[in-house]
Amino acid sequence: MKAISIKEPGGPEVLEWIEVEDPSPAAGEVIVDVVAGAVNRADVAQRMGWYPVPPGASPYPGLEVSGRISAIGEGVTQWQPGDEVCALLAGGGYAQKVAVPAGQLLRVPKGISLVEAAALPEAAATVWSNVFMTGVLKAGETFLMHGGGGGVGTMAVQLAKARGARVVTTVGGPDQAARVRALGADLAINYRTEDFAEHGPYDVILDVIGGHYLQRNVHSLAPDGRLVVIGLQNGLEGELNLAELLFKRASVHGTTLRSRPTGQKAAIVAEVQDHVWPLIEDGSVQPVIDRTLPMTEAAEAAEAHRILDSHHIGKIVLINPDIA
């Protein structure tokens, strides 16, 4: 098979489409023939050498795919060859085939195409695990999503609104603001010209920025508020007034999804299947795709990475034209 490999740490130009060894299913795994895979910021961080591959994971980038099962490992009983699925991965999604633990597979939601399904697993699992499982967002509370125009952001806005929260998000411009309002945001704040802290307090904040946002986030929390940090786009360090944290009885959580044990991922995927998929199937939540590009050309995969670092709305999806 072929896959997108990272020749060396660097810019988008280090991606290359090369011949690699076919994966084989270990016990408890299946092989998925990849129809499409979505691009995530973790892929960019891996390409630049900032995000090491977890032990035992595929060295190729890509944290989510959709496709059809072509082989089944020992002990797998709930899936069959030919089943159409999407999957949460620890790596390997930019390839024609990928091995996936059976617990990280999801059926394709009714009414959703295989290409659209590739845009769902990582964002849905990230939002559900962080906003609802860790942040325990409840109906009637106010939720702030930093970066509402991205793949995680567009999913978070929709899910939080569908679950009855008041939704506020930061965006980079008026076109993103209009789009996230159409997805359900009650307020879209242009972070270039406005201070999100002035529109608080917030019961739950999902932060992909990190760095100097830490103190402003905590200052913006309501009593008993929860801040969940999942990204470090603005840097690794931030200052914090601990007295404010204590007096508010607030909590700060730092989490990642990719490096979690397989059992934890399977538990998250099961909750996504139970709680998020019905909202997708009834139209309350929809995949948001900025554009699709062919996976089989390194230059197009490189362009996908460049787009991710620029202005876009929703997911960028790489399609395997050989079977899509």
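A contact, throughout this tour, means heavy atoms within 4.5 Å. The model is predicted, so to speak of its limits: local features need pLDDT of at least 70, side-chain atom pairs count only at pLDDT 80 or more, and totals for chains, interfaces and linings use all residues. Residues are numbered from 1 along each chain as its sequence is written, and side-chain values use heavy atoms, with hydrogens and water left out.

Begin with the whole chain. Of the contacts between residues at least 6 apart in sequence, 69% join residues at least 24 apart. The C-alpha trace spans about 55 × 40 × 35 Å along its principal axes. Colour next by secondary structure: there are ten helices and 15 strands, taken as DSSP runs (helices H or I, at least four residues; strands E, at least two) and numbered from the N terminus.

Then select the buried residues (under 20% relative accessible area, 1.4 Å probe, protein chains only); they make up 55% of the 324 residues.

Within that selection, turn to the largest nonpolar core, which has 69 residues. Such a core is a set of buried Ala, Val, Leu, Ile, Met, Phe, Trp, Tyr and Cys residues joined through side-chain atoms within 4.5 Å. Phe143, Val272 and Trp277 have the most contacts inside this core. Helix α3 (residues 121-134) gives the most to it, with seven residues.

Centre on Phe143. Leaving aside residues up to four places away in sequence, Phe143 touches Val131, Leu137, Ala156, Ala160, Arg166, Val167, Val168, Val204 and Leu206.

Finally, select Leu15, Ala87, Leu105 and Leu318, which are among the 29 residues of another core, lying apart from the largest one.

Conventions: Buried < 20%, exposed > 50% of the residue type's maximum accessible area, 1.4 Å probe, protein only.
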